[in-house]
Amino acid sequence: MNISSEEKIMYKVMKALYDSGIPISFKGSMVLKAFLTEAGYSNDTRHTVDIDGNWNSDAFPTAEQMVDSFQKALDDNNLELEVSI
């Protein structure tokens with residue numbers, strides 16, 4: 001996949017969040033870029049700088065709960081990043 005170093009980090013973050021079981025569905029340009037690249041259209045994609053997603057649960061968490069959940073997922077995957085609001 002022809003991706004930038006920023007995008008590589010974002011895919012690692014997405015994987016960590018997914019693997020953690022947090023009820024998130026990813027959407028947007030990072031997902032589209034992965035699909036297009038896998039289909040052979042790597043030259044037709046653009047650089048992106050964010051991750052889009054939806055929290056899928058009946059009880060929506062507080063901002064603090066979301067930050068704590070994200071931070072734990074990143075820490076569990078040895079990603080040296082800090083989550084903040």
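Biologist: Leaving aside its neighbours within four places in sequence, with which residues is T48 in contact?

Modeller: The model is a predicted one. In it, T48 lies in the loop between α2 (29-38) and β2 (52-55). Leaving aside neighbours within four places in sequence, the residues in contact with T48 are E7, M10, S29 and M30.

Biologist: Is T48 buried or exposed?

Modeller: Residues under 20% relative accessible area count as buried. The relative accessible area of T48 is 3%, so T48 is buried.

Biologist: Which side chain makes a polar contact of 2.7 Å with the side chain of T48?

Modeller: The side chain of T48 has a polar contact of 3.4 Å with that of D50. The polar contact at 2.7 Å joins the side chain of T48 to that of S29.

Biologist: How many residues make up the largest nonpolar core?

Modeller: Among its members are V13, A16, L17, W55 and L79. Both α1 (5-20) and α3 (63-76) supply at least two residues each to this core. A second, separate core includes M10, Y11, M14 and M30. The largest core has 11 residues.

Biologist: Are α1 and α3 roughly parallel or roughly perpendicular to each other?

Modeller: In α1, V13, A16, L17 and S20 meet F70, A73 and L74 of α3. By class, this contact has six nonpolar residues, one polar and no charged ones. The helices α1 and α3 pack at about 105°, their axes 9 Å apart. Angles of 65 to 115 degrees count as roughly perpendicular, and α1 and α3 are therefore roughly perpendicular.

Note on methods: Residues numbered from 1 in each chain as written. Predicted model: local features only at pLDDT ≥ 70, side-chain atom pairs only at ≥ 80, totals over all residues. Heavy atoms only, no water. Core = buried A, V, L, I, M, F, W, Y, C linked by side-chain atoms within 4.5 Å. Buried < 20%, exposed > 50% of the residue type's maximum accessible area, 1.4 Å probe, protein only. Helix = DSSP H or I, 4+ residues; strand = E, 2+ residues; numbered from the N terminus. Polar contact = N/O pair within 3.5 Å; in protein donor to acceptor, adjacent residues only side chain to side chain. Contact = heavy atoms within 4.5 Å. Axes fitted to C-alpha atoms, helices over the stretch in contact; angles between N-to-C directions. Parallel < 35°, antiparallel > 145°, perpendicular 65-115°, else oblique. Nonpolar A, V, L, I, M, F, W, Y, C, P; charged D, E, K, R; others polar.
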